[in-house]
Amino acid sequence: MSSTAKTITELGAALRDGSTTPRALLDETLAHLERSDKDLNAYLTVTRELAELQADAAAQLLEQHPESASPLCGIPMALKDVLCVDGIETTAASRILRGFKPPYTGTAVQRLFDAGAVCVGKTNCDEFAMGSSTENSAFGPVANPWDIERVPGGSSGGSAATVAAGTVPYSLGSDTGGSIRQPAALTGTVGFKPTYGRVSRYGLIAFASSLDQIGPFTRSVEDCALVYAAIAGHDPLDSTSDPRAVDDPLASLHDGVAGMRLGIPREYLGEGTEPGVRSAVETAFKVLEAQGATLQEVSLPSTDVALSVYYVIAPAECSSNLARYDGVRYGVRVDRPSLTDMYLQTRGAGFGAEVKRRIMLGTYALSSGYYDAYYRQAQKVRTLVSEEFDAVFQQVDAIVCPTSPTVAFTMGSRDDPLSMYMCDVVTLPANLAGVPGISVPCGNVDGLPVGLQVIAPRFADSRVFRVAHAYEQATDWHIARSPFATEAA
Amino acid sequence: MSDYEVVIGLEVHAQLLTRSKMFCQCPADYLSAEPNANTCPVCIGLPGVLPTINAQAIDFTIRTALALNCDIPDFTKFDRKNYFYPDLPKGYQISQYDLPLSRDGHLEFPVNGAKVRCGVTRVHLEEDTGTMHHAGDVLQSATSSLIDLNRSGVPLMEIVGEPDLRSPEAAREYLVRLRQILMYIGVNDGNLEQGSFRCDANVSLRQRGATELGVKVEVKNMNSFRAVQRALEFEIERQTAVLDTGGTLPQETRGWVETQGRTISQRSKEQAHDYRYFPEPDLPPLRLDDAFVDRVRATLPELPEARAHRFEMEYGLGTYDAAVLTDTRESADSYEALVSAGVAAKLAANWQNGDVAALANEHRVPLWESGLGVAGLARLLRLVESGSINGPTAKELLAELYVAGGDPEAVVRERGLAQVSDATELAALVDAAIAANPAAAADYRAGKQQALGQLMRSVKEATGGKADMPLVNRLLRDRLSG
């Protein structure tokens, strides 16, 4: 069989009925990757050797313990290049980390490896996950498989593109202000940001620690729940990971939305929303209503200031998190006789423009004399944003809204930072509040996918999957494939 | 010349004696390992790593705070202190800013007979940096520098004192007492030279009677009690000279240069870092409930001052003896072990502070680590008390067994060192001595007291030094006055 554009569930069945093997799957995947990546630039590193070892181990596991083997066993996948893998170059798409090979593997990735995952490569992204188009990579932009003139969104653009291209059935990304959900929407894939604290951040190169979460890209909501279940759960190495047990998202996946109350925040369908996106999402609301959900308008009044709050808190944390890239111990160093010059030249040459901009913004916001006006004030408003979500979730079970106000835009078309920052206006409030959110395909405007976002209260991750699955099963958008996924089959 | 009041406040950094580092599992012992051997991705600040709090370090800090009479708030958090330096691998130090583990304590101690009370502003917890070795005197002029990150992430407690100290002696005494307490409660090894106990001083002068503080100078690089005292004395003299000639003092950081006996300017106020403190997002705030604090309180040992006082009361010791015995917890424990093994309190104190202290000093081995040990000393002293051996024999035996160890009773038995205290036997030897030294006997009878010495020596020699000499003395006097 051809592995291209299949789901994890389909490939898992094929592995078990003997119609394919992990090694055969891997070979097909690598061949597809090689063909497609000339146009897409979705990969920074192809980890063939690691993948071969993992495929052989998975084959053994499937042969010896076919019943107990994980659904992910033997399935190819890819990792955003902000996730550390022992001995594999991990750059966060930054020049400053070129050649850096971590001596350890992060927790979420290790859990997948333990389940028998076959890692084919590290995917391209915006440098240090800062951006919404994957144009900020030091190693060139990623193209959208639906239209290679356009961006795949970002920052996890490579992880989104490779799933949309049909190369791998799933990948991991990271979401700090929408970096999984927004590219999922722009590439017609499913992308999920878990509740803050559900997935360990150990081994995730930090952008903004209080906002970052790791999550999957997949071709179906069921697959997404499957990957999430494999990576979620307490990790003693991450003090911000929640110790409570994770409820099985698959158990309630098929429960439907009948009787559920769903809220539509009026602020999330503002002026910036493209008419095509608006109409696709409004049609989706009707589908949910037809499934038995009750829809009502709700309000998250601080939405307009959430963007400002985000662009104080995230840069503040990033200015500190990125201080370790100083040329002293690892990565790139520009040698200079004086220490200060070495620091300045290394960081000047090693970081790209967007990263520098955010480091400067954050340094300023934390500076003596400005801290109260910026950082402290932003934290107060962040609390307010969070409380508004709590209040809304008193009225409704989940929120439904667009994932992105626009469809994929042309590369180079958003050259001023503010217009780029607007991409995340409906995704970043969920990061500020720590609530889970998913994007599922819900339409197509002139050949470009549209995403529907579902947001639920903290730790109600299963509910997000349940609503998204009900919608997905009632429509055909998730079956639509990008040209890369159909031609290569 | 004006009359100035000296105002000193001390900041002490003390490494905690935890098994592992503050935020990872690496051993906290950084001195005995090869450079960079005790490191992991967390303490060398690799991309993607996260800190996890060492519970023992929290415990030790609370223990310290309680010993220093601090309040323990029920809510505390860690913050990041941001600055660039090659020994700081993350580019920030995890420390505590506005919500420390404890605050508002104090320490009381005597200085020249007067009681001094110094406030403790706060005790908080942070991580130590790595260490650097420069090919050259300082980083700025070094051709290259090596970095050892074994110390990176070792738990470091900062004890900030109020500016309540009024003299270099008081400052020194504060440090001596503080170090003693930290060692007593088992949280720090008190090594100034190796830097496990470090001190910075803020010193300023003001017109006597003034209530506002003068411009403070921070003095660093003092790695002995003596250096602290000398550096402060130098600073006071320097500042006095500047003020006396109508000059003004800039707020600055100065370093003590031991070899030159002076402080030199390191950094002005304008060059001070903006550390951009903000809450550490990788560590949720901690809530310390009363039950936890009470459990820690229950582990606090009796502190030195209280113990010295009890020794005076309970064992009838003088202030000096009690203070010397309680200088360290081990010393005080050893003393109480001797007493509970049945040695008389006064006798135990005399021996421990006398011959035992001398031997400990000579061999650089404290009693509790010596071959003889506390139990061996107790057996030896019981032989003295029961009259089985005499004082000089006991001293010789102590010197012999202190390092080598051995059972005093067995040695006495094997070598026949038991004291000769049989009155009949000694009376015969006394008679023989008088007969052999007629001139001395005559001199004594004529009122020359010193003449008795020769007769005593004669009897002592005749018993191989084992005679019960007070009894010999009595027998001689009886016989010669008869």
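Mentor: Let us begin with burial: a residue is buried if 20 or more other C-beta atoms lie within 10 Å of its own, exposed if 12 or fewer, and partly exposed in between, with C-beta atoms placed from the backbone. Of the 482 residues of chain B, 38% count as buried.

Trainee: And what share of chain A counts as buried?

Mentor: In chain A, 61% of the 489 residues count as buried. Please note that this is a predicted model, in which local features need pLDDT of at least 70 and side-chain atom pairs count only at pLDDT 80 or more, while totals for chains, interfaces and linings use all residues. Residues are numbered from 1 along each chain as its sequence is written, and chains are lettered from A and ligands numbered from 1 in the order in which they are written.

Trainee: How many helices and strands does chain B have?

Mentor: Chain B has 15 helices and 15 strands; helices (H or I, at least four residues) and strands (E, at least two) are DSSP runs, numbered from the N terminus. The radius of gyration of chain B is 30 Å, well over the 23 Å that the globule rule gives for 482 residues, so chain B is more spread out than a compact globule. That radius is taken over C-alpha atoms, and the rule is 2.2 Å times the number of residues to the power 0.38. The C-alpha atoms of chain B fill a box of roughly 95 × 60 × 50 Å along the principal axes.

Trainee: How many helices and strands are in chain A, then?

Mentor: Chain A contains 16 helices and 11 strands. Its radius of gyration is 21 Å, close to the 23 Å from the globule rule for 489 residues, so chain A is as compact as a globular protein of that length. The C-alpha trace of chain A spans about 65 × 50 × 45 Å along its principal axes.

Trainee: What is the strand order in the sheet of chain A?

Mentor: The order is 1-3-2-4-6-5-10-11-9-7-8, in an open sheet of 11 strands with mixed pairing. Two strands pair if DSSP finds at least two bridges between them. Strand 1 (43-46) and strand 8 (294-298) of chain A are the edge strands, each pairing on one side only.

Trainee: In which sense do strand 10 and strand 11 of chain A pair?

Mentor: Strand 10 (residues 437-445) and strand 11 (residues 448-455) of chain A pair in the antiparallel sense over eight bridges. Within that pair, Gly437(A) stands opposite Ile455(A) in strand 11 of chain A.

Trainee: Turning to helix 15 of chain A, is it mostly covered or uncovered?

Mentor: Helix 15 of chain A is mostly covered, with 12 of its 14 residues buried. Among them are Phe465(A), His469(A) and Tyr471(A). The buried residues of helix 15 pack against helix 7, helix 8 (275-290), strand 9 (398-402), strand 10 and strand 11 of chain A.

Trainee: What does Leu288(A) contact, leaving aside neighbours within four places in sequence?

Mentor: Leu288(A), which is found in helix 8 of chain A, is in contact with Val257(A), Leu262(A), Ala293(A), Leu295(A), Val400(A) and Tyr471(A), those neighbours left aside. Two residues are in contact if their C-beta atoms, placed from the backbone, lie within 7 Å. Leu288(A) is buried because 22 other C-beta atoms lie within 10 Å.

Trainee: Where does Ser200(A) lie?

Mentor: Ser200(A) lies in the loop between strand 5 and strand 6 of chain A. Ser200(A) is buried, with 26 other C-beta atoms within 10 Å. The C-alpha atoms of Ser200(A) and Gly106(A) are separated by 8.4 Å, although these residues are 94 apart along the chain.

Trainee: Last topic: how many residues of chain A are in contact with chain B?

Mentor: There are 34 residues of chain A in contact with 26 residues of chain B. Helix 9 (303-321), helix 10 (339-350) and helix 11 (353-366) of chain A each supply at least two residues of the side of chain A that touches chain B. The largest share of that side, three residues, comes from helix 9 of chain A.
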